Amino acid sequence: MSANSADPSLREAVDIVLVKAGRTKIRYPADLLHDDGTHIVVRAAWAGAGVRDFGFVRFEPGDVFTEHYWRDRWYAVKEVRNAEGTLKGWYCDIARPAEVTTVDAAPGEVVCEDLDLDLWRSADGGTVLRLDEDEFAASGLETTDPRAASAARAALDELELRAREGDFEALLA
């Protein structure tokens with residue numbers, strides 16, 4: 001199933017479900033832009049309540065996220081633009097590979113299990129930040145699921161390397 005972002009009549013709605021520690025953290029609607037069976041791309045408005053200021057970036061009403069999920073990779077990459085279309089950067093969640101449920105043979109839900117680690121890359125590539133390593137350590141995943149913990153750390157290392165070496169955006173093609 002593939003949707004074309006150039007033709008709004010071909011867009012399909014999907015729900016994005018972000019899970020953390022076994023509980024749904026947030027659920028929000030998105031437009032399906034692409035699904036090739038491995039890589040799924042959606043677009044959604046900022047779904048948080050009000051403004052979230054991280055210090056290095058602010059997510060706020062009007063922001064638009066183009067979100068990339070993979071069924072075979074341990075991360076999701078979210079391109080963030082303000083209401084005027086100016087690129088803010090990319091927020092990357094280290095997560096288990098996405099699970100996509102179908103309804104009438106079309107994607108219905110994209111479920112992404114957040115594993116606490118994150119990466120931020122600014123629009124100009126000048127700022128690359130590893131985030132929430134303390135939360136990851138406190139999660140206990142290293143003990144409860146060492147294989148997943150190892151995959152999560154490897155995914156963060158891969159994303160950081162790509163973000164610093166300049167081929168980061170090739171991930172999204």
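1. Let's start with a term we need: a residue is called buried when its relative accessible area is under 20%, and exposed when that area is over 50%. Please also keep in mind that this is a predicted model.

2. With that cut-off in hand, is asparagine 82 buried or exposed? Its relative accessibility is 19%, so asparagine 82 counts as buried. You will find asparagine 82 in the loop that runs between strand E7 (75–81) and strand E8 (87–95).

3. Now look at what surrounds asparagine 82. A polar atom of its side chain lies 2.9 Å from the backbone nitrogen of threonine 86. If we set aside neighbours within four places in sequence, asparagine 82 is in contact with Gly62, Asp63 and Lys88.

4. Next, please turn to strand E3, which spans residues 39–45. How many of its seven residues are buried? Five of them are, and strand E3 is mostly covered.

5. One partner of E3 is strand E2 (residues 23–35): the two pair in the antiparallel sense over four bridges. Here leucine 32 stands opposite valine 42 in E3. E2 and E3 form a hairpin, with three residues between them. In that turn, glycine 37 has a positive phi of about 100°.

6. E3 also pairs with strand E6 (residues 64–70), again in the antiparallel sense, over seven bridges.

How values were computed:
Residues numbered from 1 in each chain as written. Predicted model: local features only at pLDDT ≥ 70, side-chain atom pairs only at ≥ 80, totals over all residues. Heavy atoms only, no water. Buried < 20%, exposed > 50% of the residue type's maximum accessible area, 1.4 Å probe, protein only. Polar contact = N/O pair within 3.5 Å; in protein donor to acceptor, adjacent residues only side chain to side chain. Contact = heavy atoms within 4.5 Å. Pairing = 2+ DSSP bridges.
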